[in-house]
Amino acid sequence: MELLAPAGDKNKLIMAIEYGADAVYLASTRFGLRTYAGNFDLDGLKWAVEYAHSKGVKVHVTVNIIPHESDLEDLPEYLKFLDEIKVDAIICADLGVISMARRLVPNLAVHVSTQANITNSESAKVFIDMGVRRLILAREMTLEEIKSLRDKIPENIELEAFCHGAMCISYSGRCLLSNFFTGRDANRGACVQACRWNYAIREISKDQEYPIEEDSHGTYILNSRDLCMIEYLDKLKEAGVNSIKIEGRMKTEYYVANIVNAYRTALDYLNTHKDYNLPTEITNEVYKSSHRDYSTGFYFGDPKENLETSLPVSEYEFIAVVLEDSANGMAKVEMRNRFSANSSYELLSKYKNNDIINVEKIIDLDGNELSECKIPKQQVFIKTDKNLKKYEILRKKK
């Protein structure tokens, strides 16, 4: 199965590729559903495609807004631009956008977004007849339903499914909360994630009560748990899924590196072992990034667990990213959270995880020795007891 990773900006794109993604999905500053991610301008998109292709990684560009008439004016030229820079696929939700793309750029692969809410084979066949190459399935589908759909469509049509990350309470994404409360249309890219806010239900008549749970932070009845399928990748493969997708264009570069690395390791394990029983050191990795309580969503039927959750938890801190390979025992890093000399940190690496690194010295770019690094994004040299590689990450448990 293809491992498809989020690339909200240049740094996240690089991390996704370095830590094992087979493909990335991203957007320009228009026509995608994550306006507040860093995203890419047109020159940035061209660079992203060239960089990813140089690493053997595919690029899928989201064009998945639900457009109003005014949004259509610049869309034809944008689609032609994406075709010219040789993106591998575009992700679309709207029938009009798909039709326009098939007409104007017939050689550009179209993937149908989860926003299109495909939950059955008849719906799938409509899109297939339009010439799409991949269906990104609705998150409400069970594994059994995916397998049934797989058996009823041509073998050359690919199926993509989410395997990890945040879920809207409107699972396949067509939500009006953001628009209602703030005037920012989630279906045109401007979601403010109003489902994550703290809500209270007020009963006026007293004729009926709705029991809800709350913790010290309050009640988050619209706040869904995060999806995590790392222990069931074999089930997704058996159901006929061709590509597993990680949510997270709004997440940090550390999140992208950590989660992509975990799923890359898990997929490699799946491909090399007869029985898919992941070692705990692999499954534990998904708990080392900020996350809400985990769920398997609808894959095994209607969720029996309470999908409500509260604020995300983060057990580990992102300390620094390595900018250059070690030379003469020194490595250049960029700080993300305060760290000190004569301290130990855990290493996130595509080569070997969970090594403990001892930082013996910190020296700034002017040659001054520091007892700690506390300026955000400050670049320094660190002397460690082990050689470090570019893009490796130092982290620590809180």
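Q: Which handedness does the β-α-β unit made by S3, helix H3 and S4 have?
A: This is a predicted model, where local features need pLDDT of at least 70, side-chain atom pairs count only at pLDDT 80 or more, and totals for chains, interfaces and linings use all residues. Residues are numbered from 1 along each chain as its sequence is written, and side-chain values use heavy atoms, with hydrogens and water left out. Helices (H or I, at least four residues) and strands (E, at least two) are DSSP runs, numbered from the N terminus. A crossover is called right-handed if, with the strands pointing away from you, the path from the first strand over the helix to the second goes clockwise, and the unit of S3, H3 (residues 75-84) and S4 is right-handed.

Q: Which residue of S4 does His60 stand opposite?
A: Two strands pair if DSSP finds at least two bridges between them. S3 and S4 (residues 89-92) run parallel, joined by four bridges. In S4, the residue opposite His60 is Ala89.

Q: Which residue stands opposite His60 in S3?
A: Look at S2 (residues 23-26), which pairs with S3 in the parallel sense over four bridges. The residue opposite His60 is Tyr25.

Q: How many of the six residues of strand S3 are buried?
A: Buried means under 20% relative accessible area, exposed over 50%, and partly exposed in between (1.4 Å probe, protein chains only). Strand S3 (residues 58-63) is largely enclosed by the rest of the structure, because the buried ones number five of the six.

Q: Is Asn342 buried or exposed?
A: Asn342 lies in the loop between strands S13 (339-340) and S14 (343-348). Its relative accessibility is 69%, so Asn342 counts as exposed.
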